[in-house]
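Look at the sequence and the structure below.

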Number of protein chains: 2
Amino acid sequence: MKSDKISEAVVRRLPVYLRFLNDLQKREISTVSSQELGQKLDLNPAQIRKDLAYFGDFGRKGIGYDVSYLIEKIRHILKLDQQINVALVGAGNLGHALSNYNAYLKDTMKITAIFDAYEPKVGQQINSLTVQPMSELGDTIRAQGIRIGIITVPDSEAQNVADILVDSGIEAILNFAPVILKTPANIRIHAADFTTDLQSLAYYLHDGKDEAEDEQQ
Amino acid sequence: MKSDKISEAVVRRLPVYLRFLNDLQKREISTVSSQELGQKLDLNPAQIRKDLAYFGDFGRKGIGYDVSYLIEKIRHILKLDQQINVALVGAGNLGHALSNYNAYLKDTMKITAIFDAYEPKVGQQINSLTVQPMSELGDTIRAQGIRIGIITVPDSEAQNVADILVDSGIEAILNFAPVILKTPANIRIHAADFTTDLQSLAYYLHDGKDEAEDEQQ
């Protein structure tokens with residue numbers, strides 16, 4: 001079912017579809033058209049049909065997509081039908097905030113361990129987890145079969161943490177430190193630096209509000 | 001110079017180029033090839049040349065791109081050569097964490113005001129800002145000419161906050177609440193929900209680690 005040709009842009013849209021579909025299911029809506037999806041998600045319906053067609057023939061002409069079937073398929077494609085344990089490194093404000101998201105991650109994906117290098121933080125309770133020292137990182141990753149690491153440490157420490165995560169067998173990293181990490185090619189890195197989000201958002205600010213160009217808009 | 005046809009995917013890559021280019025400039029490297037950019041950023045060099053060609057003819061064959069010229073151009077395209085003020089609504093752990101990023105946002109884009117609905121938070125100092133009550137949101141946005149809002153409130157409050165931001169004249173929103181916001185079409189919304197980042201990352205986990213499929217990898 002899975003082709004290696006699926007672009008990152010498509011993969012990144014799937015969780016967005018999933019979130020909206022889950023919302024429909026909660027409201028007991030059982031079918032949805034690509035038009036409705038498109039309108040809600042600000043995407044071209046043809047783009048949505050193309051995205052979903054990568055993974056098989058889900059839609060039925062004139063009826064649309066079966067919501068619960070599509071949820072199941074996307075969950076499978078994204079491997080969200082497996083238990084995936086996640087380690088969070090860096091128990092600062094951001095680490096605290098992210099650990100609160102456990103509730104949204106549903107039962108199959110969970111932050112199961114939190115680490116910090118700063119001694120006074122070790123032993124603190126964050127939600128139901130106890131902050132562990134960095135010295136326990138490798139053993140805990142192996143013992144819990146943790147596959148994804150989240151880095152929320154200061155940028156000067158991020159590469160060092162990434163190295164330890166990779167050495168401990170992690171397969172993917174979500175990096176919140178505003179630095180570009182060097183890792184082996186088989187490790188997937190997503191940069192979650194919010195400054196790039198903000199900067200790309202600035203592109204869409206309205207041009208020349210008080211200027212003559214206004215009329216070109 | 002700006003075409004309305006530039007896709008969001010391209011716009012989202014520009015800050016990533018910018019970050020790498022700033023890093024090169026710090027190291028006093030004055031030219032860079034699309035090959036080097038591609039290797040560093042895990043992108044096809046042809047893709048990078050195509051991305052940058054949208055905005056004009058920057059590169060010189062056999063020499064590459066002039067780093068400081070390219071930085072200047074991307075900053076202009078992203079409107080980072082203008083002062084852009086940002087309001088942050090929600091002074092919880094995530095709000096605290098994000099306000100720390102002001103240092104990375106450089107001088108032209110800045111979080112200049114923080115708001116919270118929870119009375120005991122009002123008046124608190126976060127870095128150099130004082131948390132303001134929600135009742136001051138509209139006036140402050142207008143007084144400071146704030147153009148971008150960041151939402152870090154609980155999901156049940158996110159739509160209400162978005163409505164107030166829009167009514168106060170904000171043009172773009174970075175939304176960290178895991179809900180889909182309804183706003184007028186001329187308001188740009190980026191969802192920064194990290195659960196979608198994590199979920200798309202799961203797609204790249206290695207298949208069938210302990211299974212027969214292993215050999216297909």
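Are α1(B) and α3(B) roughly parallel or roughly perpendicular to each other? The model is predicted, with local features needing pLDDT of at least 70, side-chain atom pairs counting only at pLDDT 80 or more, and totals for chains, interfaces and linings using all residues. Residues are numbered from 1 along each chain as its sequence is written, chains are lettered from A and ligands numbered from 1 in the order in which they are written, and side-chain values use heavy atoms, without hydrogens and water.

**Two helices of chain B**

Helices (H or I, at least four residues) and strands (E, at least two) are DSSP runs, numbered from the N terminus. The axes of α1 (residues 8–26) and α3 (residues 45–53) of chain B come within 11 Å and cross at roughly 105°. Axes are lines fitted to C-alpha atoms, for helices over the stretch in contact, and angles run from 0 to 180 degrees between N-to-C directions. Angles of 65 to 115 degrees count as roughly perpendicular, and under 35 degrees as roughly parallel. α1(B) and α3(B) are therefore roughly perpendicular to each other. In the contact (heavy atoms within 4.5 Å), B:Val10, B:Arg13, B:Leu14 and B:Tyr17 of α1(B) meet B:Gln47, B:Ile48, B:Asp51 and B:Leu52 of α3(B).

**The sheet of chain A**

An open sheet of 7 strands has the order β5-β6-β4-β3-β7-β8-β9 in chain A, with mixed pairing. Its edge strands, each pairing on one side only, are β5 (125–126) and β9 (188–191). Two strands pair if DSSP finds at least two bridges between them.

| Strands | Sense | Bridges |
|---|---|---|
| β3(A) and β4(A) | parallel | 6 bridges |
| β3(A) and β7(A) | parallel | 4 bridges |
| β4(A) and β6(A) | parallel | 3 bridges |

A:Leu88 stands opposite A:Ile114 in β4(A), and its bridge partner in β7(A) is A:Ile150. Strand β3(A) (residues 84–89) is largely enclosed by the rest of the structure, because 6 of its 6 residues are buried, that is, under 20% relative accessible area (1.4 Å probe, protein chains only). A:Ile84, A:Val86 and A:Leu88 lie on one side of β3(A), and A:Asn85, A:Ala87 and A:Val89 on the other.

**The contact between the chains**

Chain A gives 64 residues to the contact and chain B gives 65 residues. About 6500 Å² is buried between them, 66% of it from carbon and sulfur atoms. Buried area is the accessible area (1.4 Å probe) that two parts lose on being put together, summed over both.

Note on methods
Buried means under 20% relative accessible area, exposed over 50%, partly exposed in between (1.4 Å probe, protein chains only). Angles under 35 degrees count as roughly parallel, over 145 as roughly antiparallel, 65 to 115 as roughly perpendicular and the rest as oblique.
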